[in-house]
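Please look through the briefing below with the sequence and the 3D view side by side. It takes up a helix and then a sheet.

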Amino acid sequence: MCHFIVCNKKYPFHLQTAQEAILHASGNGTPSPSKDYCMLYNPHWTALPSTLENATSISLMNLTSTPLCNTSDIPPDGIKNKAVVVQWGTCHFLQKARIAQIGGAEALLVANNSVLFPPLGNKSEFHDMKILVAFMNYKDFKDMKQTLGDNITVKMYSPSWPNFDYTMVVIFIIAVFTVALGGYWSGLIELENMRAMANPEDREMRKKKEDYLTFSPLTVVIFVVICCVMMVLLYFFYKWLVYVMIAIFCIASAMSMYNCLAALIRKIPYGQCTIVCCGKVIEVRLIFLSGLCIAIAVVWAVFRNENRWAWILQDILGIAFCLNLIKTLKLPNFKSCVILLGLLLLYDVFFVFITPFITKNGESIMVELAAGPFGNNEKNDGNLVEATAQPSAPHEKLPVVIKVPKLAYFSVMSVCVMPVSILGFGDIIVPGLLIAYCRRFDEQTGSSSIYYISSTIAYAVGMILTFVVLVLMKKGQPALLYLVPCTLITASVVAWRRKEMKKFWKGSSYQMMDQPDYATNEENPVTAGEQVVQQ
């Protein structure tokens with residue numbers, strides 16, 4: 001389970017100031033054919049207009065067969081007032097730019113096999129550089145020639161990004177809704193179990209139909225150790241284990257979606273046709289439901305790299321996965337909650353902030369796994385609320401995030417980037433387990449949902465705080481760094497104010513039915529049976 005709020009995956013350059021821009025290419029003909037391509041440039045070297053209307057039209061010259069490392073490489077016809085396209089290699093790109101500037105060129109476009117902005121180099125040696133230097137994918141350049149011909153003019157501009165990121169609101173709503181619903185559902189199961197335990201016959205039936213998987217403190221520690229081991233294994237064996245994780249996600253999310261929808265369908269009093277198979281009575285509608293859930297998971301698995309719409313299926317499956325885990329995994333007391341959230345907070349901070357000092361490329365293990373590992377010459381900015389992905393680079397990514405496309409996804413900038421905001425499943429599930437415990441404790445003590453409501457509000461505040469710090473610092477922040485203190489402190493304060501800290505810490509579970517004094521309250525001792533009656 002990866003724990004990160006989002007991963008900002010702008011083009012990961014050694015030069016972190018590289019910026020995306022649009023290369024608008026036009027050919028001859030009536031009407032004039034045109035197409036947009038992505039390019040990268042350094043805005044600190046050369047400024048570009050923000051709109052196509054303000055961009056200057058420049059004739060494009062293909063010099064990809066020429067190294068352009070010396071003035072003798074300039075063709076006899078000259079390159080004055082041209083945008084020159086050259087290939088990467090032979091000499092430093094700034095040397096090519098210097099030669100192009102001597103020849104009177106307006107811009108130098110370096111075509112590379114991948115749209116990666118190379119190391120800055122020592123620009124002080126070329127302090128008189130005035131022309132635009134940009135990079136584009138060589139495949140895009142070949143497509144440009146095939147689509148528009150040899151006589152091409154280009155306009156280059158860099159659209160401004162919107163000031164307000166609506167995806168933060170969407171991510172916030174999804175996260176709070178999921179933890180709130182998962183916690184509430186866990187409380188409903190708890191209430192049903194408590195009522196069943198008051199009836200000896202129902203008690204035996206509930207034992208056979210176990211709705212919870214309880215985590216003891218020892219189990220919590222083992223779980224965190226497994227997470228650490230898996231993180232390291234994924235880092236070193238990513239290209240193999242990523243497919244194992246994809247397969248696990250497909251199976252687990254399909255089962256989770258079935259569990260979530262089946263609980264709703266069973267409430268519908270219509271269409272309850274049944275068949276008998278192997279001595280078991282099965283509802284026909286549940287058979288169709290299982291087929292639907294499997295189909296959705298299979299379609300996502302087949303088209304998972306389809307950036308335009310596959311994120312919708314991943315979000316649906318991811319929300320169902322988180323809901324099912326929150327309502328199924330049971331932390332029996334606040335002690336287990338503190339151990340789990342505390343250890344995973346340390347785990348999160350270590351793999352985000354400490355591992356860059358250990359890894360060879362100086363990158364966070366958590367961030368690289370969240371975004372998908374890149375080549376040695378690539379970097380990404382960290383653990384934050386913005387992600388962009390190059391369409392021509394189908395890196396397999398771990399399906400452990402909720403995705404929401406940004407506005408630029410639907411704009412001209414989509415040729416450059418596929419910007420999405422992503423929220424890690426761990427940042428929903430881990431605090432959600434605490435909120436679920438608070439909801440169950442409310443049911444056990446008849447405390448009018450005060451723990452559940454306060455912890456849910458605390459989670460929402462933690463999310464807002466994460467976004468605020470992200471915007472102000474413009475640097476990746478592990479969400480659990482803010483979610484864990486907000487939720488744990490809030491739950492502790494509520495328990496302390498209500499003088500229930502001892503019972504809240506040890507738990508007040510009806511499962512300890514052999515010890516009827518489990519339900520003692522510091523102010524109002526009540527027996528387990530009385531608690532059930534009060535519900």
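A residue is called buried when its relative accessible area is under 20%, exposed when it is over 50%, and partly exposed in between, using a 1.4 Å probe and protein chains only. The model is predicted, so local features need pLDDT of at least 70 and side-chain atom pairs count only at pLDDT 80 or more, while totals for chains, interfaces and linings use all residues. Residues are numbered from 1 along each chain as its sequence is written, and side-chain values use heavy atoms, with hydrogens and water left out.

**Helix H5**

- Helices (H or I, at least four residues) and strands (E, at least two) are DSSP runs numbered from the N terminus, and H5 is the helix of 20 residues at 217–236.
- Val220, Val224, Cys227, Met231 and Leu234 are buried in H5.
- These residues lie on the same side of H5 because they cover an arc of only 90° around the axis, the arc being that of the directions from the helix axis to the C-beta atoms.
- On the other side of H5, Leu218 and Phe236 are exposed.

**The barrel**

- Seven strands form a closed barrel in the order E1-E2-E6-E5-E4-E3-E7, with mixed pairing, where two strands pair if DSSP finds at least two bridges between them.
- Strand E3 (residues 58–62) and strand E4 (residues 82–87) run parallel and are joined by four bridges.
- Asn62 stands opposite Val85 in E4.

Terms used: Expected span 1.5 Å × (residues − 1).
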